[in-house]
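Thanks for sending this one over. Here are my notes, in numbered points, to read alongside the coordinates.

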Amino acid sequence: MSIIQLSLNDVACSGCIGKIKRKIKRYNGIEKVKILAGSGKIEINYNEAIIESEEINSTIHKLAIRTFD
C-alpha cells in the first residue's frame with residue numbers, strides 16, 4: 001500500500017472536501033482517505049497494483065471541478 005498527499009487549495013469549504021472524500025473512497029484500489037485539517041490537503045492510502053497516483057491526482061482534480069459546477 002502506498003500513500004499520496006494532494007493539495008486541495010482550490011476547494012475552500014470543508015463540505016466540498018467531504019464530498020470529494022466520499023466520492024474518491026468509491027474507486028477501486030483506494031483503501032483510506034483522510035482530510036488533513038488546516039493544511040488544505042487530503043491523504044490517500046491506495047493499492048498501487050490497482051490504481052496509480054497519476055490517476056488519483058487526475059480524479060481528484062475532476063472531482064474538485066465538478067464540486068463547483
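1. S2 and S3 pair in the antiparallel sense, and six bridges hold the pairing. Strands here are DSSP E runs of at least two residues and helices are H or I runs of at least four, numbered from the N terminus; two strands count as paired if DSSP finds at least two bridges between them. Across this pair, Ile35 stands opposite Ile42 in S3. The hairpin of S2 and S3 has four residues between the strands, and Gly38 there takes a positive phi near 80 degrees.

2. A word on the source: this is a predicted model, where local features need pLDDT of at least 70 and side-chain atom pairs count only at pLDDT 80 or more, while totals for chains, interfaces and linings use all residues. Residues are numbered from 1 along each chain as its sequence is written, and side-chain values use heavy atoms, with hydrogens and water left out.

3. S3 also pairs with S1, running antiparallel to it over six bridges. Ile4 stands opposite Ile44 in S3. Together the three strands form an open sheet in the order S1-S3-S2, with antiparallel pairing. S1 and S2 are the edge strands, each with a single partner, so one side of each has no neighbour in the sheet. On average, neighbouring strands of this sheet are turned by 20 degrees against each other, direction ignored.

4. How does H1 sit relative to the strands? H1 lies across S2 and S3 and runs at about 170 degrees to S2. Axes are lines fitted to C-alpha atoms (for helices, over the stretch in contact), and angles run from 0 to 180 degrees between N-to-C directions.

5. The largest nonpolar core has 16 residues, and those with the most contacts inside it are Leu6, Ile30, Ile44, Tyr46, Ile56 and Ile60. Such a core is a set of buried Ala, Val, Leu, Ile, Met, Phe, Trp, Tyr and Cys residues joined through side-chain atoms within 4.5 Å. Strand S1 (2–7), helix H1 (14–24), strand S2 (30–36), strand S3 (41–46) and helix H2 (53–68) each give two or more residues to this core. H2 gives the most, with four residues.

6. Leaving out residues up to four places away in sequence, Tyr46 touches several residues, including Ile3, Ile4, Ile30, Ile51 and Ile56. Contact means heavy atoms within 4.5 Å.

Terms used. Buried < 20%, exposed > 50% of the residue type's maximum accessible area, 1.4 Å probe, protein only.
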